[in-house]
Amino acid sequence: MKKQIFAVLFLFLVIPFIGFSQTGVIKGRVFNEKNNEPMPFTNIIINGTSIGSTSDFDGNFIFTGINPGYIKLTAVSLGFERRTTEEFLVTNARASNVNIGMKEVGIQLETVEVKADAFKSFAESPVSVKTLGVSELERSPGGNRDVSRVIQALPGVASGVSFRNDVIVRGGGSTENKFYLDDIEIPNLNHFATQGASGGPVGIVNIDFVREIDFYSSAFPVNRGNALSSVLNMKQVEGNKEKLRFKGAIGASDLALTMDGPINSKTSFLLSYRRSYLQFLFGIIGLPFLPIYDDYQFKLTHKIDDKNQINIISIGALDQFSLNTGLKNPNEYQKHVLGYLPVNEQWNYTFGVVYKHFSKNGYQNWILSRNFLNNEQYKYPNNDDSQVKILDYVSQEVENKFRFEDVRNVNGYRITSGLGGEYAKYYNDTKQRLFVGNTERLIDYSSFLEVYKWSLFAQITKTYFEKLTLSGGLRIDANNYNANMSNLLNQISPRLSASYKLANNTHLNASVARYFQSPTYTTLGFRSSDGKLANKENDLKFVRADHAVVGVEHFLDKNTKLSVETFYKWYDNYPFSIRDSISLASKGADFGVIGDEAVSSTSKGRAYGLELFAQRKMGHNFDFTFSYTFVRSEFTGKDEKYIASSWDNVHLFNAIVSRSFAKNWNVGLKWRFSGGAPYTPDDILNSSYRRVWDVTGRALPDNNRFNQVRLKSYHQLDLRVDKAFYLKKLTMLFYIDIQNLYAFVADTPPIYIVDRDMNGQAIVENPSDPIVDQRYRLRPLEGNVGASVLPSVGIIIEF
């Protein structure tokens, strides 16, 4: 790593002496977003400059001789809302293509409102929405160009340990989030994903293709169902329309190759492939596991004519994992991890087609998609493959989806309506030895499940007196799993939001809604020893969450926003583990599988708090984001009393500042603080039994003391330095990213290991007793295994 950093610093010093060509080209089109009709004579300016252009009869415009860098455009036309694009990167290696959709508001001869040019607004979702642009994704300190890590800086989003990308929003569980890529739902956001949840160590989305991200923590759009805590909507760029272009990148964990360009005058494509080199780094530094991953991302856009367009989207990953059993003289921690960690191999893909048709007053989307997950895990005792496996798990999830959306504007009303259908298959073959207390349970079952799902939705939005905007919607979901879930009336999701203009630059916003989510396939497909669907017998229900949010936002100027929001979430019908006597809301922060057990829909929960947010975008080359969240998260236990969930951090704070300097330098800092999370202490007595430890390889949690202990608070400083070189036919971007700059040692739960004698033999405290009663001597692992300073470098070349 030191050699990589010195190499980048050397390039920083040498490349300035190579010839430059500091100009770029921007091309684009301005259109009416409701019907895709071109808008001639629209004025377009480059933000922060006096450089402007005007669209022609076909809505097209062009800028030439533009200095490279991140910029925004603002379009202004009589009778339409002033529209500012998200930022995008201008280079001399290619022309930047930007499409600007404009929203009709009626003819206004004068405007006195202070417009917030840097911030998008959503009439249907006036609260709890944040938008991230390209530079925020690319340059986020500690983000390593990973979507899951970048959004951890947003208000309400908790950040956990450095090797996990769990999406934890406003105290909700890691299963409660949904992700979309150009209107196609992608069930897996991370490599080596925890099946039944959202976490994993590395994201699968290549942000080279991402144009912007809309992140909803409440007030979800009515056409985005099956979410309880958040919806992440990622929008991709389109392929270059003029010539084929290439980009290569070396990041913190992988190598990436991307290409895009035209196929013909109406068709363009994007394609990327990434392969990790973590296995080499982990092997060099002696980590006990060696992960390898590959992923791809593809988009094809075909414009039939001005009224019809087809997008084909696909994304997929191959994750392979091996144990580093060849370590020489492994230390105690390495031996401990090798003792319990199973081998995990996954592959998944999503493929979808979106057909969009523009009509006179709106548009229709016809969306077809298929996604597939194959997940395998196994573990041999002492990693000896001559013995019988203590874990042998194979599972597949297949979803085939259809969704129709109709969006139209009628007499000032924006009406969204549609329906959805889905055919899903789930397969599971599990053989596992596990312990509850000191009682062994053998899990041995095979399951095949077919599920049919359907949904209806509609939403109406209207602005009154140019001050009050109201939006009301209704969504209904059902499936054929059991009688309760098949009844549409049991899953009626009403929602209402309002925004009132208190002053030209101040708004009072509110939203109330009810959301439903189907339990995971691992829960739906679990079978008991008699072969029956255990949770169907237990009358499993959709999980319900009721949201209430009230907030005020104030714009100091067009680039600076302040906001405060208070929120409350009520949960009902949450799956409750019959085996462990805890709510599944607190599971999912570890690798493997969650939900594959018998449950009852009896747990209740509540999450509530306050968010403060301040942000300045594109303000005199100095940007900042500050967010503070007070959050409590509690779910009922076996005695129906509320207990702090695993996500009850109480305090979350993020501060990000970035500064652009001359000669295309940028420096960013991120400081984050998180209150200590609760955890469950280990059951040392039962874990120490020889017959227990030889199977589990680690201590069992004492669920009678569930989340009764709390870690110390955690904080970390991350640094990111970027340098860009714009050569004649080449763009080169370099960065150095250092996480945990001042080497803060995070508090972690104690790790217990078997004590050994001078010869390395496990010490049995009662060797004369029958082997069923013998117990190992356990002791806490000495030293701290928390993260230290994590430097990484990146090189991106585009031509």
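Start with strands β30 and β31 (residues 506–517): 8 bridges join them, and they run antiparallel. Strands here are DSSP E runs of at least two residues, numbered from the N terminus; two strands pair if DSSP finds at least two bridges between them. This is a predicted model, where local features need pLDDT of at least 70, side-chain atom pairs count only at pLDDT 80 or more, and totals for chains, interfaces and linings use all residues. Residues are numbered from 1 along each chain as its sequence is written, and side-chain values use heavy atoms, without hydrogens and water.

Look at the turn. β30 and β31 make a hairpin with 2 residues between them.

Now select β29 (residues 468–479). It pairs with β30 (residues 492–503) in the antiparallel sense, over 9 bridges. Pick S497 in β30: S471 stands opposite. In β31, the bridge partner of S497 is S511.

Next, select N206, in the loop between β16 (202–203) and β17 (210–216). Is N206 buried or exposed? N206 is buried, at 1% relative accessibility. Buried means under 20% relative accessible area, exposed over 50%, and partly exposed in between (1.4 Å probe, protein chains only).

Show the side chain of N206. It reaches the backbone nitrogen of D208 at 3.0 Å.

Methods: Helix = DSSP H or I, 4+ residues; strand = E, 2+ residues; numbered from the N terminus. Polar contact = N/O pair within 3.5 Å; in protein donor to acceptor, adjacent residues only side chain to side chain.
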